[in-house]
Amino acid sequence: MFFLWPLIPYFYLLIRLIIPARMGRAAKVGCAVLLLIVTQAFAINRFLIGNLASPELPRWLLMVQGWLLAAALLLFALVLLRDIILLLRWLWRAFTRRRSAGTAAGTGSPVSPSRRELVRAGCGGLLLARPAERVALAAAVLGPTAFGVGEAVAVPALREEEARLRRLPREADGLRVAQISDLHMSSLLKRDWVAAVVDLVLAQKPDLIVLTGDMVDGPPELRMESARELSRLTAPLGVFACVGNHEYYSGYAAWVRVFGELGLHMLLNGHAVLRPGGRELVLAGLTDPVARTFGLPGPDMEAALAGAPAGAPCILLEHRPGFAPMRARQGVDFQLSGHTHGGQAPGLREIVSAFNKGYVRGWFDVDGMPLYVSPGAGLWGGFPIRIATPSEVAVFTLRSGAAA
């Protein structure tokens, strides 16, 4: 029933903070149980609520759950960092003492410290012994994470960028493309929030609107009120979308049908030929690798470009950015992706980057092909936290010719 990796911070904090604390047995047991509930939030959502991908909890409870989990993980990181620093300091002092003692004795032989000294110095003594220490540590973990939850559920900001495509015809220079990625419509990000995102996009009057996957968490019967807002999206060249991994967790076939009924042109290993200024521009979209675990077609670039006009520039919508080097070799001129949520927070960002070949947020030059990885408009409701990684909707102005 338990998820294993959260047991690491649980037992570390249990041993370092709760067991040595100066409080009664009942209080320690209560703190230990509370910490277990907080760190096992994913297991609770999976085994008790029955849905990890889309936990159906009240919005406020999802925010509290995410806040306390993020705070516990930050507390674990801070306590671990403190212990490492203190241990390194002790090792340095022990090393210098041994050298000094050996030199003074004239033997050069080391003097071994006692085991008790090692434990006391390496662990840094009792934590939270003073009230000021408790207040400071609580503020250090609860403040930033509360702010991060607020950022996670905020309406995304607008980001305006220029994208230069080597083969873009001059007739298409100045074309405006709006990208919405990772909406994650859910019990956390509801209709009013989706409506605000749609309003933000429409206010930019883009020529083309694209959605790069993970649009929804949960089946259509639970999300139609929010999803109907997408029917208001309109642009002269159309509204197109690819799927992300969360569409498969939420009822792929049903959502593909619903998205089509709402006016989204789904590019599922397929393409559309646009004609801005009378010149051909290929817009292609791929499925997600997780499709294969559901017995459905995975991403297939050859199928996506079958029948596409030769020599026309190609913009690719692919939810995951990790295949970008392969797409560059396959003739893509500009790739738009999401999936990473920008890493969401320092520390987590480096882990997400490692799983996505370093493509975590913003611009990348991949063998001459520009890749843009959106940090997303929304995020998964199971861990709603953004610290120094704001959400966004991006609008690109396309320019012809190579970058300077």
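This is a predicted model: local features need pLDDT of at least 70, side-chain atom pairs count only at pLDDT 80 or more; totals for chains, interfaces and linings use all residues.
Helix α1, residues 7-18, and helix α2, residues 25-39, pack at an angle of about 160°, and their axes lie 10 Å apart. Because an angle over 145 degrees counts as roughly antiparallel, α1 is described as roughly antiparallel to α2. The crossing of these two helices, α1 and α2, is right-handed.

I turn now to the segment before α1, where W5 is found. Is W5 buried or partly exposed? Its relative accessible area is 42%, so W5 is partly exposed. In sequence, W5 and Q40 are 35 residues apart, yet their C-alpha atoms are 9.4 Å apart in space.

Next, helix α3, which covers residues 41-48. Four of its residues, A41, F42, A43 and N45, are buried. Just after α3 comes G50, and this glycine takes a positive phi of about 95°.

Finally, the surface. Which residues form the nonpolar patch there? They are W60, V64, L68 and L142, and together they have about 350 Å² of accessible area. Helix α4, residues 59-105, gives the most to this patch, with three residues. V64 is found in α4, and with a relative accessible area of 31% V64 is partly exposed. As a general point, an α-helix has 3.6 residues a turn, so residues three or four places apart point the same way.

Note on methods
Residues are numbered from 1 along each chain as its sequence is written. Side-chain values use heavy atoms; hydrogens and water are left out. Buried means under 20% relative accessible area, exposed over 50%, partly exposed in between (1.4 Å probe, protein chains only). Patches are made of residues with over 30% relative accessible area and no salt bridge: like charges are joined within 9 Å, nonpolar side chains (Val, Leu, Ile, Met, Phe, Trp, Tyr) within 5 Å. Accessible areas come from the Shrake-Rupley method with a 1.4 Å probe; for residues, only the protein chains shown count as cover. A salt bridge is a side-chain nitrogen of Lys or Arg within 4 Å of a carboxyl oxygen of Asp or Glu. Axes are lines fitted to C-alpha atoms, for helices over the stretch in contact, and angles run from 0 to 180 degrees between N-to-C directions. Angles under 35 degrees count as roughly parallel, over 145 as roughly antiparallel, 65 to 115 as roughly perpendicular and the rest as oblique. A crossing is left-handed if the near helix is turned anticlockwise from the far one by less than a right angle, and right-handed if clockwise.
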